[in-house]
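Please read these points alongside the structure.

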Amino acid sequence: MTILSVSGVSLSYGAEEILRAVTFAVNEGDRVGVIGPNGAGKTSLFRILEGKEAPTGGSFSLARGTRVACLGQNAAADGTGTVAEYMLGALPELPEAEARIRALEQKLESGLGRAEDASRLAEENERFTAAGGRQYRARCDSLLEKTGFLEAEKALPVSALSGGQKTRLALARILFAEPDLLLLDEPTNHLDLPTLSWLESYLAAYKKTLLVVSHDRYFLDRVTNKTLVISSGRAKLYPGNYSKTELLRDEQRAFEEKRWKLQQKEIARIEAFIEQQRRFGRERNFITIASREKALARMEKYERPEGPGREMRLSFSAAETGANEVLAVRDLAMSFEGKDLFSGVDFTVRRGERIFLVGQNGTGKSTLMRILCGRLVPLRGSVILGAGVRPAYYDQENHGLSPENTVLEELAAAYPAKTERELRTLLGAFLFSGDDVKKPVAALSGGEKCRLALCKMMWSGANFLLLDEPTNHLDISSKEALERALEDYEGTALIVSHDRYFIDRIATRILELQPAGEGGIFSCPLSAEEGYDTFLAAAEAERARRAAATDAPAAPSGKKADYLSRKEEAARLRREQKQKERRQARVAELEALIPELEKELYSLPAEEYKKGAELQQKLSAAEEELLSLYGEEP
């Protein structure tokens, strides 16, 4: 059953067209990922669906009785009551029904009730149970726990919460309300990895309908079953998650490009024929010309398909190599307002490593990064940079930008020796063109500030990059540009991120920052085939080892060794299973690709021998890789 139907929706602000004739339909139970570059109109579409903005053209309709709720990008809980009261306020009818039931029960118990009161109590109980009243308080407590709220924090006033806590509380409340149509705009921003993993599982099993804007590719692949792509004001709905949609889009672009080229070739042939007939200049030639011109006029003209669009062009270069030991951190500890953040942090960074720093919110990852770049002094411990190491720091809050400067002035202040032409050329590579460079920094969006901060780093010549959540606010194409730049970078990088797709592609090692008193830091090196899942298995085995050492100090050493051995074996088996799954997925891809390549190769006309050679090369490489993978099968 269709729950949402959007027909020809357009939105303009003066001459600026945001959405153009957007048309799609969503069925009940669909989980739709909404993707597109920054500024494409994703948030504007949500505002229209939420009823906060009227479209300038077209309309949309909802199934009768549909409840819609939207969580915006920067949503934060706002209330005067406690955390628990704020949550229960999402479903006020249930506490009200509960109070009515209690009043009727007390009236009947006192002997003052009548027969009609007993009948009303039975009806109230039936409605209350059908609405989920028997479970709603337990569900409320579970959602608060899963989004990081301790039992004692439920009694805190909402006004006393931190910004991050208010964001998580707003998310918990909208999930608790469980609307028929749930709209989430970048819900993964500012969530730590454990909470993000839980949210994925929760939304993947969500029984009602979901539309979610996200640039988190890992999240989209695990949560969604359809994808709405918004680009250049237009929208198209695809079956499948992000990865499947990207394959479909590539196939569609290739087909449309080939179709357009063939039609252009046919049009050129007809026009050449018409021109030839004109040169003959006889009466029968003019009859032929008129016939062919009519055929051209009747022909349905195909538009050339859109390319991938403008992409950020980014590269980092190190001015010098620097020492092999880039950074040594020894027994580092830090506290804030009397609260210990971390202690016993001890690790070494070596040249060429791409290390990701992860950990739960509140453990002090950003604080640690500010200590490493010299912006904070630790409580104790030491930070030693190697000889010739030139660090550059990316602050996730973009505190290094001056709000009063224009974009051009901000870059010129960092590189005063550069000409305006050179500055504009670099800004153009980061998608700042024309009058964009005259915009004040204070007026930039989160994504624009992120791009400007990365732009300032590009000419720094740093050989050690410290990046704190660099992919926050970046759209997918910009994330991919950053990933390519870091893959090609010859220096060293230490990165805080919760973007698992980014981690899988870039990381050579993962460091997990532990809360104070829990072991400092856990290090997990990764091979080229390993990623975040490998780290999870290793971290679980490490926690089990520590638990065994703490909980069973008097156990015989043989039993403890056996326990740890079983845990390590379980972790090894999980790693092998993940590698096997990746291998099987690649085998399936190649087994599907090879027949397609053969079909295309054998259907080529003889004159396209160059393309045939390319296809033969691809086919041979695919067959060779497949045989290699077959040989790896256990």
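1. In what follows, contact means heavy atoms within 4.5 Å. The model is predicted, and every value below is computed from it. With that cut-off, and leaving aside neighbours within four places in sequence, Lys479 is in contact with His215, Asp216, Arg217, Thr471, Leu474 and Asp499.

2. Is Lys479 buried or exposed? Its relative accessible area is 6%, and because buried means under 20%, Lys479 counts as buried. The residue belongs to helix H15, which covers residues 476–488. A polar atom of the Lys479 side chain lies 2.7 Å from the backbone oxygen of His215. His215 is also one of the residues in the contact list of Lys479.

3. Strand E6 (residues 181–185) deserves a look from both sides. Five of its five residues are buried, so the strand is largely enclosed by the rest of the structure. On one face are Leu181, Leu183 and Asp185, on the other Leu182 and Leu184, and all are buried.

4. Which strands pair with E6? Strand E5 (residues 68–71) runs parallel to E6 and is joined to it by four bridges; here Leu71 stands opposite Leu184. Strand E7 (residues 209–213) is also parallel to E6, with five bridges between them. Across that pairing, Asp185 has Val213 of E7 as its bridge partner.

5. Strand E3 (residues 31–35) is mostly covered as well, with five of its five residues buried. Arg31, Gly33 and Ile35 point one way and Val32 and Val34 the other, and all are buried. Arg31 is therefore to be read as a buried residue, under 20% relative accessible area.

6. E3 pairs with E7 in the parallel sense over four bridges, and Val34 stands opposite Val213 there. E3 is also joined by four bridges to strand E8 (residues 226–231), again in parallel. In E8, the bridge partner of Val34 is Leu228.

7. An open sheet of six strands has the order E14-E15-E16-E12-E17-E18, with mixed pairing. Its edge strands are E14 (391–394) and E18 (521–525), each of which pairs on one side only. From one strand to the next the twist averages 15 degrees.

8. Within this sheet, E15 (residues 464–468) and E16 (residues 492–496) pair in the parallel sense over five bridges. Leu466 has Leu494 of E16 as its bridge partner. Helix H14 (residues 446–458) packs on the sheet and touches E14 and E15. The direction of H14 makes about 175 degrees with that of E14.

9. A separate description applies to the open sheet of three strands, ordered E11-E10-E13 with antiparallel pairing. Strands E11 (339–350) and E13 (380–385) stand at its edges, each with a single partner strand, so one side of each has no neighbour in the sheet. The twist averages 15 degrees from one strand to the next. Strand E10 (residues 325–336) pairs with E13 in the antiparallel sense over five bridges, and Ala328 stands opposite Ile384 in E13.

10. The largest nonpolar core has 96 residues, of which Leu169, Phe316, Phe430, Leu454 and Leu465 touch the most other members. Helix H6 (residues 163–177) gives the most to this core, with eight residues. What does Leu465 contact, leaving aside its neighbours within four places in sequence? The list is Phe316, Ala392, Met457, Leu486, Tyr489, Thr492, Ala493 and Leu494. Phe316 is itself one of the core members named above.

11. Overall figures follow. The protein has 19 helices and 18 strands, and buried residues make up 43% of its 634 residues. Along its principal axes the C-alpha trace spans about 110 × 80 × 60 Å. The accessible surface comes to about 32700 Å², with 50% of it belonging to carbon and sulfur atoms. Among contacts between residues at least 6 apart in sequence, 70% join residues at least 24 apart.

Note on methods. Residues are numbered from 1 along each chain as its sequence is written. Side-chain values use heavy atoms; hydrogens and water are left out. A nonpolar core is a set of buried Ala, Val, Leu, Ile, Met, Phe, Trp, Tyr and Cys residues joined through side-chain atoms within 4.5 Å. Buried means under 20% relative accessible area, exposed over 50%, partly exposed in between (1.4 Å probe, protein chains only). Helices (H or I, at least four residues) and strands (E, at least two) are DSSP runs, numbered from the N terminus. A polar contact is a pair of N or O atoms within 3.5 Å; within protein, one must be able to donate a hydrogen and the other to accept it, and residues adjacent in sequence count only if both atoms are side-chain atoms. Two strands pair if DSSP finds at least two bridges between them. Axes are lines fitted to C-alpha atoms, for helices over the stretch in contact, and angles run from 0 to 180 degrees between N-to-C directions. Accessible areas come from the Shrake-Rupley method with a 1.4 Å probe; for residues, only the protein chains shown count as cover.
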